[in-house]
Amino acid sequence: MKISELAKGLADGGGETDVEVTGVVSDSRKAVLGSLFAALSGSKADGAGFVADAERRGAAAVLAADGLALDTALPVLRSVDPRRALALIAARFHGAQPGTIAAVTGTSGKTSIAAFTRQIWAAAGEAAASIGTVGVVSPTRNEYGSLTTPDPIDLARLLAELSGEGVTHVAMEASSHGLDQRRLDGAKLAAAAFINLGRDHLDYHPDIESYFAAKMRLFDTLLPQGAPAVIFADDGWSDRATAVALHSGADLLTVGRKGTFLSLKRLEHERHRQIAEIEHAGRLYRVVLPLAGEFQMANALVAAGLAIATGVDPDIALEALESLKGAPGRLDLAGNTAEGAPVFVDYAHKPEALENVLSSVRPFTTGRVVVVFGCGGDRDKGKRPIMGEIATRLADVAIVTDDNPRSEVPATIRAEIMAAAPGATEIGDRREAIRAAVREARAGDTVVIAGKGHENGQTIGSQTLPFSDHEEVRAAIAEAGR
Ligand SMILES: CC(=O)N[C@H]1[C@@H](OP(=O)(O)OP(=O)(O)OC[C@H]2O[C@@H](n3ccc(=O)[nH]c3=O)[C@H](O)[C@@H]2O)O[C@H](CO)[C@@H](O)[C@@H]1O[C@H](C)C(=O)N[C@@H](C)C(=O)N[C@H](CCC(=O)O)C(=O)O
Ligand SMILES: Nc1ncnc2c1ncn2[C@@H]1O[C@H](COP(=O)(O)OP(=O)(O)OP(=O)(O)O)[C@@H](O)[C@H]1O
Ligand SMILES: N[C@H](CCC[C@H](N)C(=O)O)C(=O)O
Ligand SMILES: [Mg+2]
């Protein structure tokens, strides 16, 4: 594609000669003959320093911020917002996208909502996919990815591939990093959703207001005017998200107890399922959701809202809730101990998620709640004492262990949690911690292994050793039964 065609209306300049571009890259190491290299200023490095490297590898042109001084003979495209320009250019370069793309943002629940939305669309006969923390799932794919919201170039390529494979509907997670770094700016959205806001990623965003503002880009910048915005109405930040959606000209659809599009009238908890009465357009539906945890009802309502808003018949969407499968590692029953205590694996690695998951198991626990958890290294340190306090307040037995210490000293991370967790037990080795919890559990108790969910490794230093909470739970149960 000619550079003039690629950049038209998206970036200025590009030099006298209209060069042919063979690909778009933002990492100089991926540049080949004819690449357009986007020189971006990042959190660790400045892309300007890699222009020469890209040029050496054959790059044909550069995209850079207005005013950024560059010493290059290559034609340079300029933009005030080069990350946004890159996302739009990559989308134009890679071409077709599935016609119905819905994106969901919020601190906790995105992976579950994306998985549920995909399942409801599939129940309605659509060729549907989801993209997020657990990877890409489509009728023909189940691929693990490393980021929740892929890089804009990978995303543009992926959407084009999915479209080529016949996928018409995509539910994707919009992480705050992804939104802030404009990774989704090239996706043509049909609908968007907000679930909640809590403390997370304050190592990246300067404060909670900036974190919220990053999330709100989904509504104030990315969602086209008049498109549906599904908002969970019962969160502390719901009113503010609603205001942003309305102000941006979205078609506001609220769900939850305070919701009007899908209104939760009654909810009854059983051990592994919940019975709900949901009102939609003047009709009352009785739905049996085969998942534990009230938060899953919230996620299911948002997913049903997205599905209905994108054309699924409400009867079909609400009926589909009765056969939803949880996303892997989200309050996932990994086994039952010999005495019958259920052991759940859950991805709660931030305060509100831990609070929710521990509160969610309480209604069906006649004995004690036992939790095993830790906090990741090289991540927001502020959440450590908060999670320590939550675990000791909401669980009867709290075991503090390691969860991807990365470059930090594991004992220091644990000590920061323990300082706010009087009465908790510290067992650094996660394998041992899981065994101790399983041994501890009696009939009537519930065990929650929190923080790693679907993950299949433990990162210590720069090494990731194979590790699965699911497998460790199964092994611990087998051992305890011997
Ligand atoms: C902090 C962060 O989000 N960083 C992301 C960001 O990197 P960056 O732009 O800051 O990169 P940088 O390392 O400073 O380098 C600047 C530029 O120089 C380029 N470069 C660098 C070296 C070189 O030799 N040549 C070269 O051209 C880089 O490609 C980059 O364009 O853009 C990259 C490309 O999109 C991402 O891979 C990278 O994700 C890193 C690996 C990461 O760990 N991100 C996590 C924190 C993240 O994004 N998480 C969220 C949320 C998770 C959740 O809670 O669900 C997610 O969406 O996954
Ligand atoms: N609606 C919700 N409200 C509060 N907590 C939730 C909700 N949904 C899920 N959780 C908790 O958060 C954990 C992660 O859920 P999920 O993976 O669906 O969210 P996410 O937003 O994709 O998270 P991440 O950003 O970590 O990928 C779950 O295991 C559960 O503990
Ligand atoms: N995407 C999140 C996942 C955290 C999962 C938890 N197990 C941890 O390592 O802290 C992050 O990288 O912050
Ligand atoms: Mg996720």
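Apart from its neighbours within four places in sequence, lysine 215 is in contact with Thr105, Ser176, Leu179 and Leu197. The model described here is predicted. The domain assignment of the chain gives domain 1 (3-82), domain 2 (95-323) and domain 3 (332-481).

**Lysine 215**

- Lysine 215 belongs to helix 7, which spans residues 208-222.
- Lysine 215 counts as buried because it has 23 C-beta neighbours inside 10 Å, where 20 or more are required.
- An unreviewed UniProt entry annotates Lys215 as "modified residue: N6-carboxylysine".

**Domains 2 and 3**

- A distance of 27 Å separates the C-alpha centres of domain 2 and domain 3.
- Domain 2 contributes 16 residues to the contact between these two domains, and domain 3 contributes 16 residues.
- On the side of domain 2 that touches domain 3, there are 4 nonpolar, 7 polar and 5 charged residues.

**Ligand 1**

- Ligand 1 is surrounded by 20 residues, of which the closest are Asp27, Gly42, Thr148, Ser175 and His177.
- The shell around ligand 1 consists of 4 nonpolar, 12 polar and 4 charged residues.
- Ligand 1 lies between domain 1 (3-82) and domain 2 (95-323), because both domains give residues to its shell.

**Ligand 2**

- Ligand 2 has 25 residues around it, and Gly109, Lys110, Thr111, Ser112 and Ala353 are the closest.
- Domain 2 (95-323) and domain 3 (332-481) each provide at least three residues of the shell around ligand 2.
- At least two residues of this shell come from each of helix 4 (110-123), helix 9 and helix 11 (351-361); helix 11 gives the most, with 4 residues.
- By class, the shell around ligand 2 holds 9 nonpolar, 11 polar and 5 charged residues.

**Ligand 3**

- The residues around ligand 3 are His349, Gly376, Arg379, Asp403, Asn404, Gly451, Lys452 and Glu455.
- The shell around ligand 3 has no nonpolar residues, 4 polar residues and 4 charged residues.

**The annotated binding site**

- According to an unreviewed UniProt entry, the feature "binding site" covers Gly106, Thr107, Ser108, Gly109, Lys110, Thr111 and Ser112.
- Serine 108 sits in the loop that runs between strand 6 (100-105) and helix 4. Serine 108 is classed as buried because 27 other C-beta atoms lie within 10 Å.
- Beyond its neighbours within four places in sequence, serine 108 is in contact with Asn196, Gly198, Lys350, Glu352 and Ala353.
- Threonine 111 is part of helix 4. With 25 C-beta neighbours inside 10 Å, threonine 111 is therefore buried.
- When residues up to four places away in sequence are not counted, threonine 111 touches Gly132, Thr133, Val134, Glu173, Ala327 and Arg330.

- Leaving aside its neighbours within four places in sequence, alanine 103 has contacts with Met172, Ala174, Leu184, Ala187, Leu189, Ala192 and Leu218.

**Valine 370**

- Valine 370 lies in strand 19 (residues 369-373), and it is buried, with 25 other C-beta atoms within 10 Å.
- The contacts of valine 370, apart from neighbours within four places in sequence, are Ala395, Asp396, Val397, Ala437, Glu440, Ala441, Asp445 and Val447.
- Valine 370 and proline 224 are 146 residues apart along the chain, and 46 Å separates their C-alpha atoms.

**Residues with a positive phi**

- Most residues other than glycine have a negative phi.
- Leucine 331 is not a glycine, yet it has a positive phi of about 40°. Leucine 331 is located in the loop between helix 10 (314-320) and strand 17 (332-336), and it is buried, with 25 other C-beta atoms within 10 Å.
- Arginine 406, also not a glycine, has a positive phi of about 50°. Arginine 406 is located in the loop between strand 20 (397-400) and helix 13 (410-418).
- Arginine 406 is partly exposed, because 17 other C-beta atoms lie within 10 Å.

Conventions: Residues numbered from 1 in each chain as written. Chains lettered and ligands numbered in written order. Predicted model: local features only at pLDDT ≥ 70, side-chain atom pairs only at ≥ 80, totals over all residues. UniProt positions renumbered as here; feature names shortened; annotations may be inferred. Buried ≥ 20, exposed ≤ 12 C-beta atoms within 10 Å, placed from the backbone. Contact = placed C-beta atoms within 7 Å. Near = placed C-beta within 6 Å. Nonpolar A, V, L, I, M, F, W, Y, C, P; charged D, E, K, R; others polar. Domains from an automatic or database assignment.
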